[in-house]
Amino acid sequence: MSWQIRAERAEDGPLVERLLAESFGPGRFAKSAFRLREGVEAVANLGFVAIEEGELRGSVRFWPVLVGATAALLLGPLAVQQPQRGRGMGIDLMRRGIAEAQGSGWEVIILVGDEPYYSRVGFSRLTQRLRFPGPVDPARVLGLDLKQGTLAGLSGEVRRVKIDEPVCADGAGTA
Ligand SMILES: CC(C)(COP(=O)(O)OP(=O)(O)OC[C@H]1O[C@@H](n2cnc3c(N)ncnc32)[C@H](O)[C@@H]1OP(=O)(O)O)[C@@H](O)C(=O)NCCC(=O)NCCS
């Protein structure tokens, strides 16, 4: 492994945006997960990039959401440059993000994605049904407990955080 995972910096923004455009295409704007992020900033200390040979080759970001009254993180987007895929960068980026999220007091992470991939870092399918803003295949709704028992207690609607109602890491919903 010759890359380095470091915190995303302001100047990485355009490169991350380019990577996301290349990885997801314009269809990304129609996804439920995008709607949850629209108009809301990513969690500042939870953006990470993979750097190799001076190049930005991968990125992960997390967004704050509300599930019912519970503050949660939404993992994604996660992307790795096409020629660099399959080397472990995606897993490495997620591990770093998950560790930092736990360290800063977040209690639970959810995402919409492929279970066979995300189970490698501990995600599992939710047994209860959450409501998303748009159609989502329930088999792709995954979660990871950072504080034991939080995931099982999640229920209701997954909502975008209101811009004037920031969600904090203390799990108490809104601050
Ligand atoms: C998904 C993505 C981030 C994975 O990054 P990566 O650096 O290639 O992943 P890793 O190298 O850490 O892991 C690769 C392993 O996971 C497997 N894998 C990758 N995507 C998978 C998927 N969707 N389902 C099941 N397994 C998957 C690979 O087959 C590989 O397996 P191996 O270790 O047995 O060879 C990358 O493929 C990508 O950018 N895709 C386009 C954007 C995207 O779909 N993002 C995810 C949705 S938010």
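Biologist: Where is the place of Gln84?

Modeller: Gln84 sits in the loop between strand S4 (70-80) and H3. Bear in mind that this is a predicted model.

Biologist: Why is Gln84 called buried?

Modeller: Its relative accessible area is 13%. Buried means under 20%. The value 13% falls under that limit, so Gln84 is buried.

Biologist: Which residues is Gln84 in contact with, leaving aside its neighbours within four places in sequence?

Modeller: They are Glu52, Arg57 and Met89. Contact means heavy atoms within 4.5 Å. Met89 is also one of the buried residues of H3.

Biologist: How do you know that the span of helix H3 agrees with its number of residues?

Modeller: H3 covers residues 89-103, which makes 15 residues. The expected span is 1.5 Å times one less than that number. That gives 21 Å, and the end C-alpha atoms are 21 Å apart, so the two agree.

Biologist: Which residues come nearest to the ligand?

Modeller: Of the 17 residues around the ligand, these are Val80, Gly86, Gly88, Gly90 and Asp114. Gly90 is also among the buried residues of H3.

Biologist: How much of the ligand's accessible area does the protein cover?

Modeller: The protein covers 64% of the 910 Å² that the ligand has on its own.

Definitions and conventions: Residues are numbered from 1 along each chain as its sequence is written. This is a predicted model: local features need pLDDT of at least 70, side-chain atom pairs count only at pLDDT 80 or more; totals for chains, interfaces and linings use all residues. Side-chain values use heavy atoms; hydrogens and water are left out. Helices (H or I, at least four residues) and strands (E, at least two) are DSSP runs, numbered from the N terminus. Buried means under 20% relative accessible area, exposed over 50%, partly exposed in between (1.4 Å probe, protein chains only). A residue is near a molecule or strand if one of its heavy atoms lies within 4 Å of it. Accessible areas come from the Shrake-Rupley method with a 1.4 Å probe; for residues, only the protein chains shown count as cover.
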